[in-house]
2 protein chains.
Amino acid sequence: MKNVLGLRCIDCHKELPVEAGTYTCPGCGSQGGILDVEYDYPEINRMTSREQVAQSKDYSIFRYLPFLPIRQNAALYEQRSAYLRVGWSPLYKPPGLGKSLGMSNLYIKDDGQNPTASLKDRASIIAVIKAVEEKAPTVACSSTGNAASSLAGSAAAMGLKSVIFVPSRAPQGKVAQLLIFGATVISVQGSYEDTFRLSAEAIARFGWYNRNAAINPYLVEGKKTVALEIAEQLNWEVPDWVALSVGDGCTIAGVWKGFKDLYLAGWIDRLPKVLGVQSTGCCPLVDAFLEDRPWRPAEEKTLADSIAVGVPRNPDKALQAVRESGGLMVAVPDEAILDAMRELGRTSGIFGEPAGVTGMAGLKVLVNNGIIGTAEKVVAIVTGNGLKDVRNAIKAVGEPLKVEPSLQKLMAKLEGRL
Amino acid sequence: MKNVLGLRCIDCHKELPVEAGTYTCPGCGSQGGILDVEYDYPEINRMTSREQVAQSKDYSIFRYLPFLPIRQNAALYEQRSAYLRVGWSPLYKPPGLGKSLGMSNLYIKDDGQNPTASLKDRASIIAVIKAVEEKAPTVACSSTGNAASSLAGSAAAMGLKSVIFVPSRAPQGKVAQLLIFGATVISVQGSYEDTFRLSAEAIARFGWYNRNAAINPYLVEGKKTVALEIAEQLNWEVPDWVALSVGDGCTIAGVWKGFKDLYLAGWIDRLPKVLGVQSTGCCPLVDAFLEDRPWRPAEEKTLADSIAVGVPRNPDKALQAVRESGGLMVAVPDEAILDAMRELGRTSGIFGEPAGVTGMAGLKVLVNNGIIGTAEKVVAIVTGNGLKDVRNAIKAVGEPLKVEPSLQKLMAKLEGRL
């Protein structure tokens, strides 16, 4: 990996070499400091270019291979016999949604279109590749659901075993996916915090490959590909804002890392502001941001299960990302999240899960407040598909019209509805 | 549309011009004869070529625009502001699945990766485009679920209204999708046959654009794009067999039409055999095929809701497709379908709904019988994503391991399991 210089601790800035088993900075904090992957940008530019990427027929995250901390052998990934097709999700500019929000330059990046239906596939495929590089036969993680199903899916495709820890509240759709993918699924009767802790203990005990995104510095690198794609899909004209939901903090950190990498490589000439959105029912990072203080654990009282994270595992990377970008954070109530699900579906034909549309819900607040202008170029990332959490979708939309099979009865029921 | 010659009745072979409102042959049968779209293949070859398609950066069904019966203005479709990204689903060659089935040349076309998570998106986007061409503000259909959600999704993206008729048994995930997409959803308290009849009456009464796939000859043309993609993804080397599930019969007819179009245009030099699979709980077409007699209505006793079609609407096109291809039909019990869900997930990281994996379940039978050779090149199409029907997935896989948040308790539970 000539493209990678090493790992750097985001707290003490110490540099560490890339080595199997090195996930955190041993000197920092009780669980080790969070590491960041550092690249050799001139080397990346020797390996690829905007023009070369434009010619690539690989419409997956591997089109950006020189920006990834994995073995740089394209032939490994090209045949796609053991890799799910992750990435290159569509970037839409839905006219109906723009009109509905009064915005003239609004894009939706639908990452629910990944193989296991969430953005997390971008991280999990990297985890599985690193596990293979390190010859680990089993991968493990704790997750509110999406990281889990994506890890189990990518592991299955690659022939690895997976052990997954989910909190008992994880939605049925996500758990069913895991079991279908042949994972050993541990439903922890407790909070996400309990789940994370148990997974960490078990991973240490059994020596499984650790896919916990905050701890494993390579996963943010997978997530950043969503930013690389947004930039390329916008013809390298960077948006003013990128809006998305925040739970553990890894995804927003990944988005920021992606844009920074492109900027440092000279592929884009400015950086977007990042808008991080949480639910008012669980917003430890929004509170820390707005009150400019360290984060404090919060309750997990939101239906947006993917971001119901009271003890975020990557708070510093997330807060740094928003601050460095000159961006903002905002919390929205669950009702606004359900509203956003309906509005996105009705105007755009896109079905997002609650956490998937939370970025859009927050964006709406800032546009209504005049903080984000109606002509600014904004990308809202939909991080997961609504099919993963049908129970909450039903909360948002209610039940269909029940009719006996008779035209007369139908016409009576339809009166005034169409 | 210089590429289209006209419509031809599959029963009396009469030719009809392409006109708004012409869906069926008025002379044939009680509901009108089924029509087929006929193309001017030399004209198609003037408009495009294998080489030109290879250069296309449009990774959606529109890369094959000259093979589609819609306005031939590429600029209309390219900007993707009002169209969901339909098509170009991944074609995998999963090593684990090949090993598990003892096959050396097995491919999976995962059409659950379409925007609303089923192959039906290919037909619905055409329906919506035809509705716009005919200036119809409302589209309607009856469906066991997938055609419905895909129509509602494409209609929402395009700013059209949709009215959807589903049988009361349609799974929650599919109904929730519809409602999220802003459709008026009529849950008909009866069978699919009742649902179809009521939708036909209401469509005639209200003048909505008719998306019922058997009746509308353009929809099979959308479905055929799955065959065009398979051919291109295999570098125009045609598989020996293509296996998929059969309900109404439109999808298998579409697959066959796609390969025939390519053959008649001179893009491929031979045709595959088509394997159509139903559940033993509802197999009117398999019975008709195997006993070489006209089909008879059947009960709808299968958990594979998408193909629980006792009165298929396109039986002749389906049976013609299988016979012309020299292919076969076979029925498998629901247990074999649940088995296939597990096997596909565990070996490949692909989560199919029951009807989505039925083709693979049937394939397994014919390979075990020696009718399909282990070295033959076979593509099994997964027609829909398992997230649409989580209840049946849970039937297939059971529940996760429930554990208190304690390493000791976990280790006790895991003993002997890993």
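The paragraphs below take up the symmetry, then the interface, then the strands.

The model is predicted. Chain A is superposed on chain B by a rotation of 180° with 0.0 Å of shift along its axis, and the RMSD is 0.0 Å. The two copies are thus related as by a two-fold rotation axis. The same surface serves both copies, since 100% of the contact residues of chain A recur in chain B. Among the residues of chain A, L387(A) comes closest to the rotation axis, with its C-alpha at 2.9 Å.

Next comes the interface. In it, 70 residues of chain A are in contact with 70 residues of chain B. On the side of chain A that touches chain B, the most is given by helix α7 (residues 172-180) of chain A, which supplies seven residues. By type, the residues on this side of chain A divide into 36 nonpolar, 21 polar and 13 charged.

Strand pairing also crosses from one chain to the other. Strand β15 (residues 401-403) of chain A runs parallel to strand β9 (residues 184-188) of chain B, and three bridges join them. Within this region, K402(A) stands opposite S187(B) in β9(B).

A further sheet lies in chain B. This open sheet is formed by four strands in the order β2-β1-β4-β3, with antiparallel pairing. Its edge strands, β2 (15-16) and β3 (24-25) of chain B, each pair on one side only. Strand β1 (residues 4-9) of chain B pairs with strand β4 (residues 33-39) of chain B in the antiparallel sense, over five bridges. C9(B) stands opposite L35(B) in β4(B).

Notes
Residues are numbered from 1 along each chain as its sequence is written. Chains are lettered from A and ligands numbered from 1 in the order in which they are written. This is a predicted model: local features need pLDDT of at least 70, side-chain atom pairs count only at pLDDT 80 or more; totals for chains, interfaces and linings use all residues. Two residues are in contact if their C-beta atoms, placed from the backbone, lie within 7 Å. Helices (H or I, at least four residues) and strands (E, at least two) are DSSP runs, numbered from the N terminus. Ala, Val, Leu, Ile, Met, Phe, Trp, Tyr, Cys and Pro count as nonpolar, Asp, Glu, Lys and Arg as charged, and the others, Gly among them, as polar. Two strands pair if DSSP finds at least two bridges between them. Copies are superposed by least squares on the C-alpha atoms of residues with pLDDT of at least 70 in both.
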